[in-house]
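Here are a few exercises to work through with the sequence and the 3D view side by side. Try each task before you read its solution.

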Amino acid sequence: MSRHEHLERSIPSTSADPKAEVTLTVNGVSVTREVSTRMLLSDFIRHGLRLTGTHVGCEHGVCGACTVMIDGRAARSCLTFAVQADGADIRTIESEAEEDGTLSALQQAFQECHGLQCGYCTPGMIMNIRAHFDSGEELDLSDEGIRELISGNLCRCTGYANIVKAVRRAAELAGKA
Amino acid sequence: MKPPLFDYLVARSSEEAVKLLSEYPGAMILAGGQSLIPAMNFRLAAPAALIDINRISDLRRIDIVDGNVRVGAAVRHRDLEQNDAAFAANPLLRAALYHVAHVPIRNRGTTVGSLCHADAAAEMPMVLLLTGGWVTAEGPSGQRDIPAEEFFEFHMTTSREADEMIVSATFPGLPTGAGHAFAEFARRKGDYAIAAVGAIVERGADGVISSARIAACGISSRPVRLSEVEAALVDTKLSDDDIHRAGELAKQSVTAPDDAHATTAYRQHLLASLTRRVVRQAAGIMKES
Ligand SMILES: Cc1cc2nc3c(=O)[nH]c(=O)nc-3n(C[C@H](O)[C@H](O)[C@H](O)COP(=O)(O)OP(=O)(O)OC[C@H]3O[C@@H](n4cnc5c(N)ncnc54)[C@H](O)[C@@H]3O)c2cc1C
Ligand code: FES
Ligand code: FES
């Protein structure tokens, strides 16, 4: 058996790469693009739109680094195909700061409380917390409530204590505490 | 970790989705994608085509029909969790959904998708079995109801035929006055259960237990009813001894072999204590019928 036999067999019989056109709103701007059906929304955001603030850690839903808002709700961009986002309203970390670079209350709080070290998890954390802040649902600012809120976002640096503080501080800054 | 090539088909109605399933051998239904897309990213699944059912508005309905909660195939876990009418009819739905993954995953994952995926440790298949519910399958020759007992065959295997799609799941409402509880042990919040147990108990006017339904997941190759425990609880007044014995009896139901998460002995220990906990909790909120 040739070493490549297995490899050759697994190449799809047709080399066609099915494509589709999508129109969606990203951070308030309407974009239309042709995408491969298999393109993940995370790759579309990072490579198609060059919005590299959205990070990719695991590509199977576990780490939360790729969290963005889809139609107002936090979701994993690595577990959504770009074609599925046709017509959707997407919000990424790039929408947080003002155009002149002024940080949002959430970003300020993370900075003040040292809620980040390497920063890899931070965009996903912030989009998840943003979705919850903006949902109008009740905020539980107890340690347990905040830990529950960020339980789907892994951070390998901070030990979470300062992230919990940052969420509480952000609620204060945003007049929600 | 990128998914293989596939054709993407958007179904506008369940009839169209069923038709597409027959026309494209090797096609799979794409619901929330929260189990299927990770499997594709890992190249564990390589469907020739995906039939996206997310744009079928009829499937996004939660209806209370004869006191039962009927959940359409495109209803997100989070929508069911937050639905007050569903909560009023069957509070176990919200209690169990709280343990399914994390909010961002529940925002996209569907409850029916989770039933179809049929992970042996998943919460909602167990709740369907516990409450005596069923799924409704639609195929080229029409619809049929499949009771939970017959639907879940093995870990990630159901009795759904390849040309059928599941259009809804029906979770019966709880009997008035029934006590109910759900408890789970997982290593981290949002993980699949190492063991989880649900209970529904009813008491007669004489203070004696007239009916008990107990089910568990994570301990076998599919969700199971703990029938020995149920039989032992009926006709008792749930004394400490009765509840202790129920926990001991529950241990027999663990058939999962030692795995990376837990040994069989540890799962037996968990199942016994979770069973005692749900029976006590259910008893605490039970009213005389
Ligand atoms: C990090 C992480 C943690 C998770 N933790 C848990 C957990 O603790 N407990 C738990 O239960 N789940 C958990 N899940 C899985 C989650 O609940 C999924 O949403 C669910 O299992 C599948 O639903 P879906 O709508 O996403 O289905 P999909 O991923 O779209 O589909 C899953 C499978 O079901 C088939 N299918 C879907 N809908 C239909 C239909 N209507 N008819 C026929 N076939 C259909 C698909 O073809 C596919 O084979 C987790 C997922 C992730 C990523
Ligand atoms: S990259 Fe999406 S959850 Fe990890
Ligand atoms: S700051 Fe480094 S992973 Fe969270």
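**Exercise 1: the shell around ligand 1**

Of the 35 residues around ligand 1, the nearest are B:I29, B:G33, B:Q34, B:L36 and B:T110, where being near takes a heavy atom within 4 Å. This is a predicted model, in which local features need pLDDT of at least 70 and side-chain atom pairs pLDDT 80 or more, while totals for chains, interfaces and linings use all residues. Residues are numbered from 1 along each chain as written, chains are lettered from A and ligands numbered from 1 in the order written, and side-chain values use heavy atoms, without hydrogens and water.

*Task.* Work out which chains surround ligand 1 and which element gives the most to its shell.

*Solution.* 
1. Start with the chains: residues from A and B surround ligand 1, so the site is shared between chains.
2. Next, look at the elements of chain B: β2 (27-30), α7 (111-117) and β10 (165-171) each supply at least two residues of the shell. Helices (H or I, at least four residues) and strands (E, at least two) are DSSP runs numbered from the N terminus.
3. The most comes from α7(B), with 5 residues.
4. Finally, sort the shell by residue class: 18 are nonpolar, 14 polar and 3 charged. Gly is counted among the polar residues.

**Exercise 2: polar contacts and cover**

*Solution.* 

**Exercise 3: a sheet in chain B**

*Task.* Trace the strand order of the open sheet and say which strands stand at its edges.

*Solution.* 
1. The 5 strands run β4-β5-β10-β6-β7 in chain B, with antiparallel pairing; two strands pair if DSSP finds at least two bridges between them.
2. At the edges stand β4 (62-65) and β7 (142-147) of chain B, each with a single partner strand, so one side of each has no neighbour in the sheet.
3. Now zoom in on one pair: β4(B) and β5 (residues 68-72) of chain B are joined over 4 bridges, and B:I64 stands opposite B:V69 in β5(B).
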